[in-house]
Amino acid sequence: MPAGCRKAAGRYHTGIEPMHELTICESLFKMVEQEQQTRHFTKVCRVRLEIGRFSCLDPEALRYAFDILGRETMLEGAKLEIDQPPGDAICLDCGAAVAVDTRLSDCPACGGKRLRPTGGDQMRFIEMEVR
Ligand SMILES: [Zn+2]
């Protein structure tokens, strides 16, 4: 797991640990609010995000945060779609540029175990549908 990341899955049941996903969701909602001021919509129907497989974000925790924070806002009931593209890495053994599901995957080309991640921990806002 990368420095600064921690597992959030399961923790929201206790309500003790503030979760990273909640913070992410708050900034997402702020962004939607800013959009709302220029585009004047009343309801968000669908939001689509991309979360790289190397990200430490838990999509389920993010959905949970989205539901909680969305209550009684223009995002209430909005559908949250999360794309999870594979992560990109370079194999230090054979030099291949590969796409893999986790940071711990073996190189699909040579079976080597020394992959250096080059991308895939991104979280991006892709699009949303409003009315
Ligand atoms: Zn390799």
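A residue is counted as buried if 20 or more other C-beta atoms lie within 10 Å of its own, as exposed if 12 or fewer do, and as partly exposed in between, with C-beta atoms placed from the backbone. By this criterion, 23% of the 131 residues of the protein are buried. The structure is a predicted model, in which local features need pLDDT of at least 70 and side-chain atom pairs count only at pLDDT 80 or more, while totals for chains, interfaces and linings use all residues. Residues are numbered from 1 along each chain as its sequence is written.

Helices (H or I, at least four residues) and strands (E, at least two) are DSSP runs numbered from the N terminus. The elements discussed below are as follows.

| Element | Residues |
|---|---|
| Helix α1 | 20-39 |
| Helix α2 | 59-70 |
| Strand β1 | 44-51 |
| Strand β6 | 123-130 |

Helices α1 and α2 pack at an angle of about 50°, and their axes are 9 Å apart. This makes α1 oblique to α2, a class left after angles under 35 degrees (roughly parallel), over 145 (roughly antiparallel) and 65 to 115 (roughly perpendicular) are set aside. Axes are lines fitted to C-alpha atoms, for helices over the stretch in contact, and angles run from 0 to 180 degrees between N-to-C directions. In α1, the residues E21, L22, I24, C25, E26 and F29 meet A61, L62, A65, F66 and L69 of α2. Of the residues in this contact, nine are nonpolar, none is polar and two are charged.

A nonpolar core is a set of buried Ala, Val, Leu, Ile, Met, Phe, Trp, Tyr and Cys residues joined through C-beta atoms within 7 Å. The largest one has 17 residues, of which C25, V44, V47, L62, A65, F66 and A78 touch the most other members. Helix α1, strand β1 and helix α2 each supply at least two residues of this core. Another core, apart from it, has six residues, including A89, C91, C107 and L115. Beyond its neighbours within four places in sequence, L62 is in contact (C-beta atoms, placed from the backbone, within 7 Å) with E21, I24, C25, L57 and I82.

Residue R124 lies in strand β6. R124 counts as exposed because it has 11 C-beta neighbours inside 10 Å. Residues up to four places away in sequence aside, R124 touches L49 and E50. R124 and I51 are 73 residues apart in sequence, and their C-alpha atoms are 6.6 Å apart. Among contacts in the protein between residues at least 6 apart in sequence, 69% join residues at least 24 apart.

Key:
Contact = placed C-beta atoms within 7 Å. Nonpolar A, V, L, I, M, F, W, Y, C, P; charged D, E, K, R; others polar.
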